[in-house]
Amino acid sequence: KRGAIVRYVSGFGATLAREFEALFSGNDRTLVGTVEYSDIDLVDAASVVLKLRRLNPDVIYIDAQPAGLANLLKRLAE
């Protein structure tokens with residue numbers, strides 16, 4: 001499995017990224033990348049989605065508030 005994380009730029013987001021990296025290091029798992037953001041509106045969501053498509057992960061962990069997550073999911077659906 002190939003994993004990626006979308007995370008808010010913060011200390012807590014960095015902690016989540018380290019944990020996700022630990023989860024995806026070894027056992028036939030690979031962390032393919034981290035996409036950071038400071039706000040996800042509909043315009044920013046398009047950029048995040050493009051970065052995720054380039055990484056081509058099997059698993060995505062998304063650290064976002066409900067409105068940001070909704071915007072990201074709208075763009076992913078497109």
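**Burial and charge pairs**

Q: How much of the protein chain is buried?
A: Of the 78 residues in the protein chain, 31% are buried (under 20% relative accessible area; exposed is over 50%, partly exposed in between, with a 1.4 Å probe and protein chains only).

Q: What should I know about the model and the numbering?
A: The model is predicted: local features need pLDDT of at least 70, side-chain atom pairs count only at pLDDT 80 or more, and totals for chains, interfaces and linings use all residues. Residues are numbered from 1 along each chain as its sequence is written, and side-chain values use heavy atoms, with hydrogens and water left out.

Q: Now the charges: how many salt bridges are there in the whole structure?
A: The search finds two, a salt bridge being a side-chain nitrogen of Lys or Arg within 4 Å of a carboxyl oxygen of Asp or Glu.

Q: Which residue does Glu36 pair with?
A: Glu36 forms a salt bridge with Arg7, at 2.5 Å from N to O. Glu36 belongs to strand E3 (residues 29-37) and Arg7 to strand E1 (residues 2-8), so the pair ties together parts 29 residues apart in sequence; strands are DSSP runs (E, at least two residues), numbered from the N terminus.

Q: Is Arg7 buried or exposed?
A: Arg7 is buried, at 9% relative accessibility, whereas Glu36 is partly exposed at 41%.

Q: And what about Arg75?
A: Arg75 forms a salt bridge with Glu78, their closest N and O atoms lying 3.0 Å apart. Arg75 is partly exposed at 24% relative accessible area, and Glu78 is exposed at 66%.

Technical notes. Helix = DSSP H or I, 4+ residues; strand = E, 2+ residues; numbered from the N terminus.
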